[in-house]
Amino acid sequence: MSLPLFEDPSVTRESLYIDGKWSTGATGAYFDVTNPATGDVLASVASGQASDVQNAIDAAERAFPGFATLTAYQRADFLHTAHRLMLERADDLAVLMTMEQGKPLKAARTEVKYAADFLIWFAEEAKRVYGSTIPSARPDQRFLALRQPVGVVAAVTPWNYPISMITRKVAPAFAAGCPVVLKPAKNTPLTAIAVFKIFEDAGIPAGVANLVTTQSARSFSETVFASKAVRKIAFTGSTDVGKLLAKEAASTVKRVSLELGGHAPFIVFEDADPVHAAKGATLVKFLNTGQACISPNRIFVHRSIAEKFIETLVARTSKLQPGNGLEPSSGVGPLIDAPSLDRMQRQVDDATSKGATIAVGGRRLTGDKFDQGYFYAPTILTGVTPDMEIYREETFGPVAAVTIFDEESEVIEMANDTDYGLASYVYTRDLSRALRVTEKLNFGMVGINDINPTSAAAPFGGVKESGLGREGAAEGINEYLDTKLVGISI
């Protein structure tokens, strides 16, 4: 099957977009991109080197003064155009994403729409970057507070949501007046190339949007850390890598926003409808094959309704159809790579060796349609306890771990017993309990009877080791703005 949006697959080697030009990079080095469902090589893309990263930073630095002085309306026009183009190319973008990332086509289409939402949202937020006047104690003095773009931004995006994580960072940066140098995940560079072709076709000035595909994360990061021109780093990825980025960014006091790992609790209280809650748990747990930072990893169910909840959860999970995301019947795609498969099996084996029970799944899928890909059966583990790896580690895969609880105070303590603090979920019909538990949960987001507490208009982010800063909403553009105080004596 040919690649959508690429008439000639060989041009994917010209995947570096620097200063408004596509190239193969300084050395011509490249790497292959494969389909995780079939193992097929889809294309080869340029593997940028440190000199390419530096060229991109230099281009962004040159572009910054002119771009920052454009009016908010001019920058908004670029984003409006990019939004229109993304929607026009939505079907091809979705197929391309499914081919290189694996998610079912329906989910890919949903992500493209979500990605476009950030473009249109921040097109409007560009016009709402307000300053303020501040009263002075002196009658002959006036204060003004101005909001100005921070400068060149280095952005790093993950493979699990390869389009929406780009627009969630790039759109507010452009709206604020900041040029961007972006490194996409090495697993999913093709969708990034397609997005930057949209930026090119939208007329975004040369040097404002720069893309460096590379196998060498170190070449990118070391060049970024050493550069005084880069004033902001925006990263989505693992907590371990995020900590290193924050540490290294301190050497030149770069601003950082980090969207890191999660270990979301999904709490079902005794007054909830167990069938409704189990349906919600199934939908959000196996979304993107469980490869989402907001995926519920620890499902806590009150003992009084546990039997019905687990019965429904197992029944619905058993009906899920794994397969190639391009197949209409597929509801769960492959994992991204072989190490992810190994992690699933390690966590399942550890849990069962310590007393957990496999209610469904628990193995790698094999057979003609699965052998060449990275498929793991949607899995339910019951009897999960705190001494098991899956209780402590982020799963990032299609394995749901169920734990029984008896008291509200007990489950709040268990839910908060993690270094992560991104998303959490609560099912209850009691409004007082919903508010009480929400206030006690140490997480950046809480879904009350809601499995999708996200939107371009809502602030996304975590606390503790799940990150710093917020993406989306009005908070999202603030991450790319500095405050300048002006004192005027009259």
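Two residues are in contact when heavy atoms of each lie within 4.5 Å. By that criterion, 21 residues of domain 1 are in contact with 24 residues of domain 2. The structure is a predicted model. The protein has 490 residues, of which 56% are buried, and its secondary structure comprises 15 helices and 20 strands. Its radius of gyration is 23 Å, close to the 23 Å that the globule rule gives for 490 residues, so the protein is as compact as a globular protein of that length.

**Overall dimensions and surface**

- The C-alpha trace spans about 70 × 65 × 40 Å along the principal axes of the protein.
- The protein carries 49 positive and 56 negative side chains. The centres of these two sets lie 4 Å apart.
- Among contacts with a separation of 6 or more, 74% are accounted for by residues 24 or more positions apart.

**Domain organisation**

- Domain 1 is assigned to residues 9–260 + 467–489, and domain 2 to residues 264–448.
- Taken over C-alpha atoms, the centres of domain 1 and domain 2 are separated by 32 Å.

- Phe-174 belongs to helix 5, which covers residues 164–176.
- The relative accessible area of Phe-174 is 2%; because buried means under 20%, this residue counts as buried.
- With residues up to four places away in sequence set aside, Phe-174 touches Phe-67, Arg-75, Leu-79, Val-180, Phe-199, Ile-204, Val-208 and Ala-209.
- Arg-298 is 124 residues from Phe-174 along the chain, and the C-alpha atoms of the two residues are separated by 37 Å.

**Helix 7 and what covers it**

- Helix 7 spans residues 217–226, and its buried residues include Ser-219, Phe-220, Ser-221, Thr-223, Val-224 and Phe-225.
- Among the helices that cover the buried residues of helix 7 are helix 1 (50–68) and helix 8 (239–249).
- Strands also contribute to this cover, including strand 7 (152–156), strand 8 (180–183) and strand 10 (230–236).

**Residues with positive phi**

- Most residues other than glycine have a negative phi.
- Leu-5 has a phi near 75°, a positive value in a residue other than glycine.
- Leu-5 is placed in the segment before strand 1 (16–18), and with a relative accessible area of 32% this leucine is partly exposed.
- Ala-473 has a phi near 65°, likewise a positive value in a residue other than glycine.
- Ala-473 is located in helix 15, residues 473–478, and counts as buried at 3% relative accessibility.

**Asp-387 in its loop**

- Asp-387 lies in the loop between strand 15 (379–382) and helix 12 (389–392).
- At 46% relative accessibility, Asp-387 counts as partly exposed.
- Lys-354 is 33 residues from Asp-387 in sequence, and the C-alpha atoms of the pair are 8.0 Å apart in space.

Key. Residues numbered from 1 in each chain as written. Predicted model: local features only at pLDDT ≥ 70, side-chain atom pairs only at ≥ 80, totals over all residues. Heavy atoms only, no water. Helix = DSSP H or I, 4+ residues; strand = E, 2+ residues; numbered from the N terminus. Rg over C-alpha atoms; globule rule 2.2 N^0.38 Å. Buried < 20%, exposed > 50% of the residue type's maximum accessible area, 1.4 Å probe, protein only. Lys, Arg positive; Asp, Glu negative; His and termini not counted. Charge placed at Lys NZ, Arg CZ, Asp CG, Glu CD. Domains from an automatic or database assignment.
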